Each structure stands twice: as structure tokens, then as C-alpha cells.
Amino acid sequence: MGAIGSLKTPMITPAKLELDGQVYELPTLRGTEGEPAVSIAALRDKTGHITLDDGYSNTGSCRSAITFIDGEKGILRYRGIPIEELAEKSTFVETAYLLIYGNLPTRAQFRAFSGMLTDNENLHEDMKYHFEGFPSTAHPMAILSAMINASSCFYPGLNGPRNADRFDVHAARLISQVRTIAAFSYRKSRGLPIIYPKRAYKYTANFLHMMFSDPYEDYNLQPEIVRALDLIFLLHADHEQNCSTATVRMVASSQANLFACAAAGVCALWGPLHGGANQAVVEMLQEIHKSGDDGSKFIAAAKDKNSGRRLMGFGHRLYKNYDPRATIIRKACDQILKRIQVADPLLDIAKRLEEAALNDPYFVERKLYPNVDFYSGIIMRAVGIPLEMFTVIFGIGRMPGWIANFKEIMEDPKGRIYRPRQIYVGSGLRHYVPLEQREQ
Ligand code: ACO
């Protein structure tokens with residue numbers, strides 16, 4: 001398959017750091033787009049100090065050639081290609097190839113890759129019994145993570161160091177089967193019979209078929225709906241060192257297998273501050289709709305730190321401008337709802353909230369703009385995806401990004417286990433007290 005990008009970074013003039021009257025030189029470097037960094041790898045050896053960066057706001061944890069984001073300018077590129085171009089011209093499967101292998105595929109490479117996805121779309125038949133063990137109330141993200149990990153039991157070749165020679169097939173298997181697992185878990189949660197994938201269908205159409213067909217009647221695949229969901233997968237396919245991807249890299253650095261790393265990624269994605277936000281946005285809009293609020297009460301609560309509320313789908317660690325994915329999704333949302341003739345009152349509420357927030361000094365001063373999750377849920381509702389599956393859809397989309405990051409770790413000859421340090425703030429030395437001498 002194609003070659004991965006270079007991880008080289010040109011050096012610039014060293015930085016000088018003065019500590020306790022002594023000056024230390026620290027190497028500096030620049031990324032492809034000129035973003036400068038100071039390397040502190042040798043700081044503790046030289047000075048005895050570590051750096052402290054709660055929540056990693058300013059820590060570059062790796063060099064990566066996959067995705068570039070300029071949050072100030074609202075730029076997102078996969079392997080150098082702007083997200084806007086991919087959204088308009090590419091498909092999820094082609095974009096997955098681009099992310100994992102570094103370049104857009106030739107015709108032959110695309111055929112081989114899609115062929116591998118089709119050949120690996122079925123789960124091992126025994127996997128079906130694992131679904132039986134979950135209660136019908138289980139959240140599909142719990143099932144997704146557990147089943148991805150369980151799948152690794154069926155491919156013993158996965159275990160052992162790296163498995164680089166089998167990477168292509170494992171990657172294809174994971175991308176293909178994550179949607180089969182997702183659809184099976186949905187059918188199970190509704191007490192519906194499992195629908196097997198069909199070889200004739202392309203990736204996203206096949207997922208919709210497995211979700212919504214019945215044994216006696218195939219789901220009517222509308223091209224607009226297939227395209228809308230494919231776009232959602234594509235827009236979620238990677239986003240550099242976010243919480244779940246950093247988790248995947250962390251687990252991969254210990255040389256755990258690809259499926260174990262992906263299962264860990266799913267767990268990290270689940271939280272409402274990350275992938276779970278798409279579900280939380282729609283729940284918030286539903287609540288506003290039900291209460292009859294025009295949005296102003298909710299905005300007031302979101303600004304009040306004691307309320308425990310946030311305007312879900314707003315704000316981002318990197319984007320201090322529009323999230324470019326939100327701009328694409330907002331447009332797609334208007335189009336798809338018109339085309340399939342759905343009038344969703346939640347869309348009107350979302351637009352009102354957006355306008356109110358963008359004109360409110362609280363959000364303006366903090367540079368809080370809509371993120372990808374603000375409108376994606378409304379599209380998913382319109383195409384019939386149930387609320388509890390929203391974060392699973394995000395997980396299916398993010399799989400190529402996780403795999404590309406896993407591959408980067410696997411191929412780094414200088415790769416070391418990820419092991420951050422900490423500043424200990426617990427109790428000083430004290431000694432063990434036998435139970436009978438402790439205050440009761
Ligand atoms: N509503 C109200 N206030 C907010 C919001 C929000 N959505 N987001 C941030 N703020 C406020 C914070 O309270 C803080 O205010 P302060 O400076 O007065 O204390 C300030 O803006 C900075 O916020 P942080 O929490 O420090 O920003 P951080 O970078 O840590 O968090 C995050 C980013 C988690 C996305 C945050 O904006 C948030 O919780 N948003 C809502 C959840 C959401 O939409 N998550 C999806 C993210 S995108 C993704 O994962 C695909």
C-alpha cells in the first residue's frame with residue numbers, strides 16, 4: 001500500500017531557559033506549516049525540572065504526519081488535503097485509505113482496499129453469542145468497545161509484537177466490522193433479528209441495510225441519506241491528538257494489538273465532553289423544545305458556572321474560530337432536511353441558539369463557536385439513526401484516524417512507551433498504623 005508521510009522536523013535556533021541563575025539551551029523545531037515547538041525531552045536530565053501542563057493544553061505528545069489543524073484560522077486537513085475538498089469530492093472509504101496510507105489511492109489500490117473491506121464484513125459466527133450476554137438496556141458504546149476487544153480473540157494472529165505484516169488485513173477487518181458490530185448491537189437492543197451485510201452494497205449503504213432492513217423486506221436506500229451519513233463518517237475520520245486518538249496512541253505505545261487500542265479509543269470517545277456530545281446536543285435541544293424556552297433560559301444557565309450546564313456542541317480546545325466541520329455539516333443539514341422533506345423543530349432551536357450565542361459577549365470573549373456535534377445529531381435524527389447510536393456513528397467514522405495513528409506508532413523505529421510524569425501533591429512520608437491502633 002502507499003507510503004506514509006515523513007516525520008522529519010527541521011531544527012531552528014535553540015531556546016534559552018534561565019532557572020536558578022543558570023541558562024540552559026533547549027532544542028526547537030518547526031512543523032510543516034511552521035508551527036514552532038520547544039523540545040523539553042532532556043529538560044529533567046539537564047535541570048531536574050519537569051513541565052506541568054494540566055489537561056495537556058500546550059503539550060505536543062508526538063510528531064504526526066496525518067492531520068493538520070489551525071484552530072485560530074479554522075483549518076483542518078487530512079494528509080494535507082482540506083476537509084472542504086474531501087467533503088465535496090471524496091467518500092468515507094477513499095478518505096480512510098488516504099488517512100491510513102498517506103495518499104489518495106490509485107484505481108487498483110482503491111479496488112484492493114474496498115475488496116478487503118467487503119471480504120471482511122462478516123463477524124465470526126460465534127461472535128453472535130456474545131451479543132446475547134448484554135442486557136437490552138446496555139449502551140451501544142459499551143457493547144461496541146467490548147465486542148471490538150472480543151473480536152481480537154477470534155484472530156490469534158493479532159497478538160504478539162506489532163504484527164506489521166498482517167496490518168493491512170487487520171485494519172480492513174476493523175473498519176469493516178465496526179459497522180457490523182454497531183448494527184448488530186442496535187438490532188439486539190431493539191429485540192430485532194440480526195441482518196447480515198450484503199456484498200453488493202458499498203460501505204455506508206451496507207451499514208444502513210444492516211440497521212434498518214428486515215428479513216422479509218429490504219430497507220429503501222435513498223441516495224441522499226446514504227450520502228449524508230457517508231459525509232458524517234468522513235468528517236469524523238480524524239482530528240489529530242483528541243482524547244480518544246491520544247488514548248489509542250497511548251495504548252499502542254505499549255505494543256498492544258490494534259483491536260485492543262481501538263476498544264480503548266471507543267471508551268475514551270464515549271464521554272459527553274468528547275464524542276458523547278452529539279447525543280448530549282440533541283438531548284439539550286429536546287429539553288429546550290419540551291420546556292417551551294426560546295433558548296434564552298438555557299443560554300443563561302450555560303453561562304452560570306453553578307448551574308452545571310454547558311451549551312453542548314459549542315467550544316473546542318483547538319478551534320477559537322468556526323470548526324470547519326460544523327460549517328460543512330450546517331449546510332448539509334439544511335440540504336438533507338429539505339430533500340427528504342423533514343421539518344425538525346430542533347433545527348430551528350439550534351439555529352436560534354447559535355445566533356444568540358454568537359452575539360453574546362460570554363461566548364464571543366471565550367471564542368466559543370459551534371463544533372462538529374452541534375448539527376450532526378439533527379442530520380442523524382432526520383435519517384432515522386436513534387439517539388443512543390449517535391456516538392457509535394462517531395466511532396465508526398473515527399476508526400480510520402485511530403488506525404492511522406496506530407500505524408504511525410507501529411512504524412516509528414524510535415517509538416517508546418508513553419509515560420507522562422506528574423507532580424505529586426499527596427501526603428508526605430508517614431508510616432503504616434496497625435488496624436487496632438487506628439482511631440475507630
Ligand atoms: N458552554 C458554556 N461555557 C463553556 C463551554 C460551553 N459549551 N465551553 C467552554 N466554556 C467556558 C468554560 O466554562 C471556561 O470559562 P471560564 O474561562 O470562565 O472558566 C471557558 O469557556 C474555557 O473552557 P474550557 O473548559 O477551559 O475549555 P476546554 O478546551 O477545556 O474544553 C470543550 C473544550 C470540552 C469542548 C468545552 O468547550 C465543552 O465542554 N464543550 C461542550 C461539550 C462539547 O460540545 N464537546 C464536543 C467537543 S468536539 C468533539 O469532541 C468532537
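Predicted model: local features only at pLDDT ≥ 70, side-chain atom pairs only at ≥ 80, totals over all residues.
Q: Is Glu 354 buried or exposed?
A: Glu 354 is found in helix α15, which spans residues 345–358. Buried means under 20% relative accessible area. Glu 354 has a relative accessible area of 4%, so Glu 354 is buried.

Q: Which residues does Glu 354 touch, not counting residues up to four places away in sequence?
A: A contact here needs heavy atoms within 4.5 Å. With residues up to four places away in sequence not counted, Glu 354 touches Phe 314, Tyr 322, Arg 330, Pro 370, Phe 374 and Tyr 375.

Q: What share of the ligand's accessible area does the protein cover?
A: A polar side-chain atom of Lys 305 lies 3.1 Å from an oxygen atom of the ligand, and one of Asn 371 lies 2.9 Å from an oxygen atom of the ligand. On its own the ligand has 920 Å² of accessible area, and the protein covers 76%.

Q: How many residues in the shell around the ligand are nonpolar?
A: There are 20 residues around the ligand, and Arg 310, Leu 311, Gly 313, Arg 317 and Tyr 362 come nearest. By class, 5 residues of the shell are polar and 5 charged, while the nonpolar ones number 10.

Conventions:
Residues numbered from 1 in each chain as written. Heavy atoms only, no water. Helix = DSSP H or I, 4+ residues; strand = E, 2+ residues; numbered from the N terminus. Buried < 20%, exposed > 50% of the residue type's maximum accessible area, 1.4 Å probe, protein only. Near = heavy atom within 4 Å. Polar contact = N/O pair within 3.5 Å; in protein donor to acceptor, adjacent residues only side chain to side chain. Areas by Shrake-Rupley, 256 points an atom, 1.4 Å probe, with all protein chains shown as cover. Nonpolar A, V, L, I, M, F, W, Y, C, P; charged D, E, K, R; others polar.
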